[in-house]
Amino acid sequence: MSFLTLDGLAKTWPDGTRAVRGVDLAIQAGEFVVLLGPSGCGKTTTLRMIAGLETPTSGRVLLGGLDVTSLPPSRRDVGFVFQFYALYPHLSVEENVAFPLLCARMPKDERRAAVARVAARLGLGPLLPRRPRELSGGDQQRVALARAMVRKPALWLMDEPLGTLDADRRGEMCELLRAQQLEQKVTTVYVTHDQDEAMRLADRVVVMSEGEILQVGSPLEVYDEPATLFVARFLGSPGMNLLEGEVRRERGVAVFRSRGSTEPMRLPVLAAPGPTVLGFRPEAARLDLEGPLAGRVVLDAFHGACRYLHVEGGFGRIAVRETATRKSAAGESVRISIEPAAMRLFDTETGRRVA
Ligand code: ATP
């Protein structure tokens, strides 16, 4: 039985906005699940309904098998973390971390032990007597994390907690959160619009758009086997290359002919003939004198570890990942081939993946 179940959960605001449109989701005990999607897709509203901070228009929230839909937040044993907000400047690190336990009237000895445990885990021991102004920015963030994590509720709900941090800090905090999660195994639902954060943290990613769940899967599944064109575009930077065209049967085999491309591409799977979108990641494409796609490099974007060649042709525009050390290809005419095993096919009408 799952630990947290969302059963047809929906929220329509009084102005008629359908923020969440019948979400079904089963989360196992100890899982770290990330709700990922663009701004306005209903992530926060879903999280707030799980917390009990918003009343669903319809549907249920089950926690540990109990229907908690009508229970107030205080009766759900849920910890809610927004962005890691500022520390209390007049309190020491130890007092800052202990503060939530003090509010919960935990006895002093237990409090000290709990603070010592979380401080050891986050490497804060030597900093406990200091005041926030005596800490670096990174240390302050770790103290804020410790203060959030010192309690151990049945369920953590986190809404963009790393939102204000720069990229370096974000990476460091992701590692700490993940390590914390692996050790404590508190079931966590985490909201973000940042796919890197989702990929680093999640056991399973829930991709949302316009109040609906489009796909639930491991980070690798949602990246490599996107269920829809939206997921294919949303994940990856650059996103999946998508070519409009048609599947045909030619001499007994299934081939894809892209719009504007003269050469057919043999497909590794059986696919129904008709209008189709062919998807492939930039890392599945390579420059190849014999390749079926012909175009010109309109942008050569250097990314440090690699470079992305943006190529335009009759088929549209695609990105090809190349080694960082390759000499700049801007302006070159190129041909491209695609690794057959990495080809994904989508129905043009519905946007759903068919192979
Ligand atoms: P963000 O990442 O920008 O916070 P989100 O995916 O978390 O976005 P929600 O905050 O859940 O999205 O909002 C979903 C929809 O509901 C949006 O269209 C938003 O404008 C609307 N909405 C949110 N809160 C309210 C409210 N209190 N009253 C009316 N509409 C609201």
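Is Arg-307 buried or exposed? Arg-307 is buried, with a relative accessible area of 10%. Keep in mind that this is a predicted model.

**View 1. Arg-307 pairs up with Asp-300.** These two form a salt bridge, and their closest N and O atoms are 2.9 Å apart. Asp-300 is buried as well, at a relative accessible area of 17%.

**View 2. Here is helix H4, residues 137–149.** With 13 residues at 1.5 Å each, H4 should span 18 Å, and its end C-alpha atoms agree by sitting 18 Å apart. Eleven of those 13 residues are buried, so the rest of the structure largely encloses H4. Among the buried ones are Asp-139, Arg-142, Leu-145 and Met-149. What do the buried residues of H4 pack against? Their neighbours are strands S6 (78–81) and S7 (155–159), plus helices H2 (93–103), H3 (108–121) and H5 (167–184).

**View 3. Glu-225 meets Arg-353 in a salt bridge.** The N to O distance between these side chains is 3.1 Å. Glu-225 lies in the loop between helices H7 (219–224) and H8 (229–234), while Arg-353 lies in the segment after strand S20 (344–347), so the pair ties together parts 128 residues apart in sequence. Glu-225 is partly exposed at 31%, and Arg-353 is partly exposed at 27%. Both belong to a network of salt bridges that also links Asp-224 and Arg-344.

**View 4. Arg-335 and Glu-263 make another salt bridge, at 2.8 Å from N to O.** Arg-335 is in strand S19 (residues 333–338) and Glu-263 is in the loop between strands S12 (253–258) and S13 (265–266), so this pair joins parts 72 residues apart in sequence. The structure holds 22 salt bridges.

Definitions and conventions. Residues are numbered from 1 along each chain as its sequence is written. This is a predicted model: local features need pLDDT of at least 70, side-chain atom pairs count only at pLDDT 80 or more; totals for chains, interfaces and linings use all residues. Side-chain values use heavy atoms; hydrogens and water are left out. Helices (H or I, at least four residues) and strands (E, at least two) are DSSP runs, numbered from the N terminus. The expected span of a helix is 1.5 Å times one less than its number of residues. Buried means under 20% relative accessible area, exposed over 50%, partly exposed in between (1.4 Å probe, protein chains only). Contact means heavy atoms within 4.5 Å. A salt bridge is a side-chain nitrogen of Lys or Arg within 4 Å of a carboxyl oxygen of Asp or Glu.
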